Amino acid sequence: MYVIGMSGGSGSGKTTLVKRILNKLPKDSVAILPQDAYYYDNSHMPLEERKKQNYDHPQSIEWPLLIEHIRQLKLGKPIEYPTYSMLTCTREKETVTIEPTKLLIVEGILIYTSSELCKEIDLKIYRDVPADYRLSRIIKRDMKSRGRTADEVIKRFFETVRPMHEEFIEVSKEQADILLSGGEVDEKAVDFIVGGILHIMENE
């Protein structure tokens, strides 16, 4: 199994890029493992306290479980990864089954901050997007899917998201093999990535 990492700051368009790549690959040949599924469960806290937690710090992720799941897939064994609700800030009862595939894409803002996880990734891609562009995307996303007001999103961005990006995520791009810069990724870049992936899959 070949493992590709897809990282970049919050709101950089990682998930959108992954979807565009998937649309051009054979079905059932690729599995997606989202870093966000591995946030520690905070159900023991009141909701207001959960919302105040720093979800942009590497310590918010259960790295041992994520790494173990990747290793299990490499051994040809299926996994059940957790699901996490950004509305309640807790892990849900449901899990998601992933069967071993030729290609695994691991996606998340913090994945290159873990040296152990980096050892499991064969090709690392990083979306390098300006902060102002990312902020506009974060406002739209968090208001739509995470139950936050625009004021709450902006406050959190300057108090947590931007400082954590500068301290951990921005420097983690040094681990990347490919940097994709700019607000949007054009179709040529997507085709280039897909072409490389197809070549890898044919030789796996």
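## The largest pocket

Let's start with the helix α1, which with six residues gives the most to the lining of the largest pocket. Here a pocket is an open set of points on a 1 Å grid over the protein atoms alone where a 1.4 Å probe fits, with protein on both sides within 12 Å along at least five of seven lines, and lining residues have an atom within 4 Å of a point. Helices (H or I, at least four residues) and strands (E, at least two) are DSSP runs, numbered from the N terminus.

This is a predicted model, where local features need pLDDT of at least 70, side-chain atom pairs count only at pLDDT 80 or more, and totals for chains, interfaces and linings use all residues. Residues are numbered from 1 along each chain as its sequence is written, and side-chain values use heavy atoms, without hydrogens and water.

## Who lines it

The largest pocket holds about 810 Å³ of space, a volume being the space filled by probe spheres set on the points, which are joined across faces, edges and corners. Of its 33 lining residues, Thr 15, Asp 36, Glu 107, Arg 141 and Arg 146 lie nearest the centre. At least two lining residues come from each of α1 (14-22), β2 (30-34), β3 (79-85), α5 (131-145) and α6 (150-172).

By type, this lining has 12 nonpolar, 10 polar and 11 charged residues. Nonpolar covers Ala, Val, Leu, Ile, Met, Phe, Trp, Tyr, Cys and Pro; charged covers Asp, Glu, Lys and Arg; the others, Gly among them, are polar.

## The second largest pocket

Next comes a pocket of about 340 Å³, lined by 14 residues, with Lys 51, Lys 52, Glu 152, Lys 155 and Arg 156 nearest its centre. Here α6 supplies the largest share, five residues. The lining has nine charged, four polar and one nonpolar.
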